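Here are some notes to read with the structure open beside you. Take them in order, and look up each residue as you go.

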Amino acid sequence: MISLDIWHPGTTNTKPKEDLDLTCLNKAVLTSLCNTTCYASTGCIKQVDSDTAIHTIFANILVPNGLPKLILIDTGSEFKGIVAKFCDTLGVQHHVVSLE
């Protein structure tokens, strides 16, 4: 059983220097925590959209670690719908749980 979440910072008031290119920076971090072993996995996301989130889940979490029996998705996740469809396609049980 793993828990998935996407974390990204909010907006900031500081302006970058004009010569600083921010397009190559990661925008968010996808985190996965095995609720049995406490093993954590992460994947950096440069573009915060559903396709990138699914690709990151698959490439950084599922391929190296295998398919879990259950995935927990928090209600605050902006991608909970697409992750639920992805789980259905793979045949992995999933539950949307409330935030703590």
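1. A word on confidence to start: pLDDT is the predictor's confidence in each residue, on a scale from 0 to 100. This is a predicted model, where local features need pLDDT of at least 70 and side-chain atom pairs count only at pLDDT 80 or more, while totals for chains, interfaces and linings use all residues. Residue numbers run from 1 along each chain as its sequence is written, and side-chain values use heavy atoms, with hydrogens and water left out. The protein averages a pLDDT of 83, with 82% of its residues at 70 or more. Of its elements, S3 has the highest mean (90) and S1 the lowest (87). Those labels are DSSP runs numbered from the N terminus: helices (H or I, at least four residues) and strands (E, at least two).

2. Now have a look at helix H1, residues 50–65. Its 16 residues should span 22 Å at 1.5 Å a residue, and the end C-alpha atoms sit 21 Å apart, so the two agree; the expected span is 1.5 Å times one less than the number of residues. H1 also bends by about 30 degrees at phenylalanine 58 (the angle between axes fitted to the seven residues ending there and the seven starting there). Just after H1, glycine 66 has a positive phi of about 90 degrees.

3. Which residues of H1 are buried? They are Ala53, Ile54, Thr56, Ile57, Ile61 and Leu62, where buried means under 20% relative accessible area, exposed over 50% and partly exposed in between (1.4 Å probe, protein chains only). They pack against strands S1 (2–7), S2 (28–34) and S3 (40–45), and against helix H2 (80–90).

4. On to the largest nonpolar core, which has 19 residues; Leu4, Ile6 and Ile57 are among those with the most contacts inside it. (Such a core is a set of buried Ala, Val, Leu, Ile, Met, Phe, Trp, Tyr and Cys residues joined through side-chain atoms within 4.5 Å.) H1 gives the largest share, 5 residues.

5. Aspartate 5 lies in S1 and counts as partly exposed because its relative accessibility is 33%. Leaving aside neighbours within four places in sequence, aspartate 5 is in contact (heavy atoms within 4.5 Å) with Val29, Leu30, Thr31 and Asp74. Serine 32, in S2, is buried, since its relative accessible area is 5%. With the neighbours within four places in sequence again left aside, the contacts of serine 32 include Ile2, Leu4, Tyr39 and Ile61.
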